[in-house]
Amino acid sequence: MKRNINKVAVLGSGIMGSGIACHFANIGAEVLLLDIAPKEPNEIEKARGLQTNHPLVRNRIVNQNLEKAIKSKPAPLYHPSFKNRIHTGNFEDDMSKISEVDWIIEVVVERLDIKKVVFEQVEKFRTPGTLISSNTSGIPIKFMNEGRSLDFQEHFTVTHFFNPPRYLKLFEVVPGPKCKGEVVDFLLDYGSRFLGKSSVLAKDTPAFIGNRIGIFCIQSLFHQMKPMGLSVEEVDKLTGPVMGRPKSATFRTVDVVGLDTLVHVANGLHENCNEDERRKSFVLPDFIQKMMEEKWLGTKSGQGFYKKVTNKDGSSEIQVLDLDTMSYRSKKKVSFATLEKTKTIDLVKDRFPVLISGNDKATTFYRTVLGETFAYVQFRIPEIADELFHIDDAMKAGFGWEHGPFELWDAVGLKTGIELIKEIGHPVAQWIEELAETGTNGFYQLRENKKHYYHISKKSFVPIPGQDAFIILDNIRENKTIWQNKECSVIDLGDGILNIEFHSKMNTIGAGVLQGINKGIDLAEQGYEGLVVGNNGAHFSAGANLGMIFLMAVEQEYDELNMAIKYFQDTMMRMRYSNIPTVAAPHGLTLGGGCELSMHADKVVASAETYIGLVEFGVGVIPGGGGSKEMTLRAADTFRKNDVELNVLQEHFLAIGMAKVATSAHEAFDFGVLQKGKDVVVVDGKRQLSLAKQEALLMAERGYTQPQQRNDIKVLGKQALGMFLVGTDSMEAGHYISEHDQKIANKLAYVMAGGDLSQATMVSERYLLDLEREAFLSLCTERKTLERIQHMLKTGKPLRN
């Protein structure tokens, strides 16, 4: 029987409950969010004359929790309007409504007695066959199943979301002993395809997979760092992006999550993992005990491993906890020779052989940390998972690791990993020894364009299931690349569709990428059906190569710079005006030139988590790759439906002038960057390239004809220009913008008004592109623009001057 999820009930509206409710609203589900009813009105309600039975009183707790969640940062909703998909209520008045839903998710406090009371109520109203799950992070299913009906148990699982539910991709599905296999299969597929998660099948063991491995790694590090003489800031330097981990590294992450949360899980593991050979690692070190006593819990308490202080001169400073003195001090600059050697190594996995081969404290740290990790994960199969790739998937999706433990082991080599384990005095698992004896030097292999993993019980390599639904460029790049340079590759996706993949730093668009785009279009026009621009990396593109622009401007090579900008513009125009359909697949950061490329594709298949916008104002210029032209065109197209033309143009002007970046693809429609009725949004990022390929094929099959360049764009001339200039003058006079900001805004105003034409006029795209390029070039001659570009290149942050 086909199962559809149209309505979901979330029981419990705390941080996790409200977050889960918001994410189901994100994907279009109708959500019923319930919590307890207050016993009496509060003082504000009493002052308003409200009685205990008034709906505002009865639903105060759930409404306040949901509102707090919606206002939190980062935003839990793709779009503010999606909150209308969530309906609130309380357990006493509204529990009967769960009879109408397709899935019931319990997210109440982590106490078995309270969960049992809730499940007792659920049994009274739940329709047989309805999915029921708990978001518990550790209560065994056998206890939650006690006293429940057979139908309840057959449809009951743990579905463990990580916080925040929208952003962290791990979705652990833990079936109970009587849960039907079809329910488990459905949830694993639904988590991936509909919720955009990395669904992982876990076993009903303490903390499941993600937290079991993650908390061990953190606790192990806690115990190792003081004997190594490492400070908090040194460990965060060593465990951040250089390892393929989040910028928050170890201690900043703990501060954000909350030390009390980590301690709760660590204590639970120590109490419940009696057979774990590394159980002692979950004992809290003295400095953690001290921090708990002092309530130094992190961000929630105002201080943790880091603390923001205000100095006597009024300046603020982030101080760090000295674990020897247990007092806060200024941070010290951290530098390790081994880390310096990795600066030119772009791929994280290629850094590890270097990281473990130095002669300093950093190498000692890496050898120990990796040895500890490998020693632990080798014994967790089949305890917490049957397949090793589930452990890797959990750590990547739940803790933001670029590579999971077994993938890291592959990066240094199987035999080297064994040496690291023995080096710190730990035993090696028998299955590892047996694998090494076969001469194999890793846990993964690429065979016939598919990733295979080592199956322990079968003692052979088998394909990771589910790959056929995805396009994984790592799997096909070696055999399917038909053209490449240092910054770009053209890859044959099959069925007549080519893909252009960037591999410059942050996928910035420079001469090499532009060459690759043109080559890809050339090849597609000669013998293929369509073209996709996309990648499997963290980001689509951070924009144009500012370094190239800066060097040309500093050297005053304005003719060369003019040619480079025109080449960029012409390449964007080829994305729209070629003989084959083009599809952009943006995700993550899609800024500046990356946004312009997306706007010029025939169609955009955007990941829901696309942070897209024209941000050139931040570096002192206007969009020069067709973005200013395109926003003017899109505003003009809206004129036909809206009589207030100046207001429409102003909205598009502000999208550029305020350097707006959409916090999701859905919000990008509001800014005019994505277009309703043409562009589409997908939640499951792993399927994005496959869906983009399908869209390109569909356009080709329908019969694609090269579009004609536009010459019917209505610009408003002096009427709009005057309005913009008055506005920027007022903003500068009121000190809301700097004099240089005003100059940039006035240049953009001239472009979007179509120049100082005496009346509204129909112009061509080429006309607007010439205006755009002229404005961009003139701003590149400004000293303050060069200062902004230089500052961005050095710090990655905009400068206001």
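User: When do two strands count as paired, and what is the strand order in the open sheet of 3 strands?

Analyst: Two strands pair if DSSP finds at least two bridges between them; strands are DSSP runs of E with at least two residues, helices are runs of H or I with at least four, and both are numbered from the N terminus. This is a predicted model, where local features need pLDDT of at least 70, side-chain atom pairs count only at pLDDT 80 or more, and totals for chains, interfaces and linings use all residues. Residues are numbered from 1 along each chain as its sequence is written, and side-chain values use heavy atoms, leaving out hydrogens and water. Here the order is S12-S13-S14, with antiparallel pairing. Strand S12 (444-447) and strand S14 (460-463) are the edges, each pairing on one side only.

User: How many bridges join S13 to S14?

Analyst: Strand S13 (residues 450-455) is joined to S14 by 4 bridges. Look for Tyr 454, whose bridge partner in S14 is Phe 461.

User: Now the rings, please: why is the pair of Phe 119 and Phe 152 classed as it is?

Analyst: Rings of Phe, Tyr and Trp (its six-membered ring) pair if their centres lie within 6.5 Å; planes under 30 degrees apart are stacked, over 60 edge-to-face, and the rest tilted. That rule gives 31 aromatic pairs. The centres of Phe 119 and Phe 152 are 5.5 Å apart and their planes stand at 70°, so this pair is edge-to-face. Phe 119 sits in helix H6 (residues 112-125) and Phe 152 in helix H8 (residues 150-154), 33 residues apart.

User: Which residues form one aromatic cluster?

Analyst: Phe 24, Trp 103, Phe 161, Phe 171, Phe 186, Tyr 190 and Phe 194 do.
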